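Open the model in your viewer and keep the selection panel at hand. The tour starts at the ligand and then moves out to the protein.

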Amino acid sequence: MTPCALWPRKAAGLPPGQRRLAVFPRFGDNPLRPAPVVPDHPEVQVVLDDELIAVLGADAIHEHRSEQRADFHCVTTWSVTGLRWGGAPLAALWQRHVADDPRSSDVRFLKVCGLDGYAAVLTLEDALVAEVMIADRLDGQPLDARHGAPFRLVSPGQYGYKSVKHLSRIELHADRPHSGLGAKEHLRARVALEERHSVRSGRVLRLTYGLVVPLTAVLAERALRRPACSSDAGHLDR
Ligand SMILES: Nc1nc2c(c(=O)[nH]1)N[C@H]1C(S)=C(S)[C@@H](COP(=O)(O)O)O[C@H]1N2
Ligand SMILES: [Mo]
């Protein structure tokens, strides 16, 4: 991928301040981080106060399998259009595996965690809209290390930093937890409203964020070729 292909271009029909990339790059808040090792039997643990509420794996996804076409919008101003995600709507998984558990009744926030130590926080309300899914396929292929194997959250209405790759754990919280992203993370991060940052103006950030796109993408792609990191710190032993 040449750096030239990594300069986002103006295009019609994109949300405010977004520009289009013709390729879907590997990206991330820390582009030097390699992709994590994928376990032999991957699963997503749903936990509340370190108690296991549900385990979502291939079977759970299979039961609610669906596909959707969606655009993807990174907070740094690049967008790719027309991705075809396969997986299961989070709302369906929630209804089937979590909603009936009385321990989940006060839950208002989800901390969504990846095997690489990355995490983001979503309100329950934002997480349960129809287009949020746990994906395991992209454009007809199993998700690869570049885009979040084995599972990733996909939340098309929010900036890409909520679409946690290498998803392995969803923590349930009554009060807003910390994600580790700090002020950079807007709680809602709605693309249509340009909620890029928790305090700074989205419009003002366009320029500085936009400048880092090609370099970040090149470094993130290079990190993919380094040995995988394995981190399942914080996971419950069963
Ligand atoms: N586990 C994990 N998920 C992550 C990230 C990350 O670094 N680690 N980066 C986020 C950001 S900032 C973006 S833009 C997208 C990039 O997804 P991609 O690499 O599939 O393009 O993943 C998001 N989810
Ligand atoms: Mo991003």
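A residue counts as near a molecule if one of its heavy atoms lies within 4 Å of it. This is a predicted model: local features need pLDDT of at least 70, side-chain atom pairs count only at pLDDT 80 or more, and totals for chains, interfaces and linings use all residues. Residues are numbered from 1 along each chain as its sequence is written, chains are lettered from A and ligands numbered from 1 in the order in which they are written, and side-chain values use heavy atoms, with hydrogens and water left out.

**Stop 1: ligand 1**

Select ligand 1 and its shell. There are 21 residues around it, and Pro25, Asp116, His147, Arg152 and Lys165 come nearest. By class, the shell holds 9 nonpolar, 5 polar and 7 charged residues. Here Ala, Val, Leu, Ile, Met, Phe, Trp, Tyr, Cys and Pro are nonpolar, Asp, Glu, Lys and Arg are charged, and the others, Gly among them, are polar.

Now show polar contacts (pairs of N or O atoms within 3.5 Å). Pick His147: an N or O atom of its side chain is 2.6 Å from an oxygen atom of ligand 1. Pick Lys165: a polar side-chain atom lies 2.6 Å from a ligand 1 oxygen. At Phe27, switch to the backbone, where an N or O atom is 2.9 Å from an oxygen of ligand 1.

How much of ligand 1 does the protein cover? It covers 97% of the 540 Å² of accessible area that ligand 1 has on its own (Shrake-Rupley method, 1.4 Å probe).

**Stop 2: an aromatic pair**

The whole structure has 6 aromatic pairs, meaning Phe, Tyr or Trp rings (six-membered for Trp) with centres within 6.5 Å. Select Phe24 and Phe72. Their rings are tilted, 5.3 Å centre to centre with 55 degrees between the planes; planes under 30 degrees apart would be stacked, over 60 edge-to-face. Phe24 sits in the loop between strands E1 (19-20) and E2 (44-48), Phe72 in strand E4 (residues 66-73), 48 residues apart. Strands are DSSP runs of E, at least two residues, numbered from the N terminus.

**Stop 3: two backbone details**

Go to Pro150, in the loop between strand E9 (141-142) and strand E10 (152-154). The peptide bond from Ala149 to Pro150 is cis, with omega near 5 degrees. Finish at His166, in the loop between E10 and strand E11 (167-173). Its phi is near 50 degrees, a positive value in a residue other than glycine.

Definitions and conventions:
A polar contact is a pair of N or O atoms within 3.5 Å; within protein, one must be able to donate a hydrogen and the other to accept it, and residues adjacent in sequence count only if both atoms are side-chain atoms. Helices (H or I, at least four residues) and strands (E, at least two) are DSSP runs, numbered from the N terminus.
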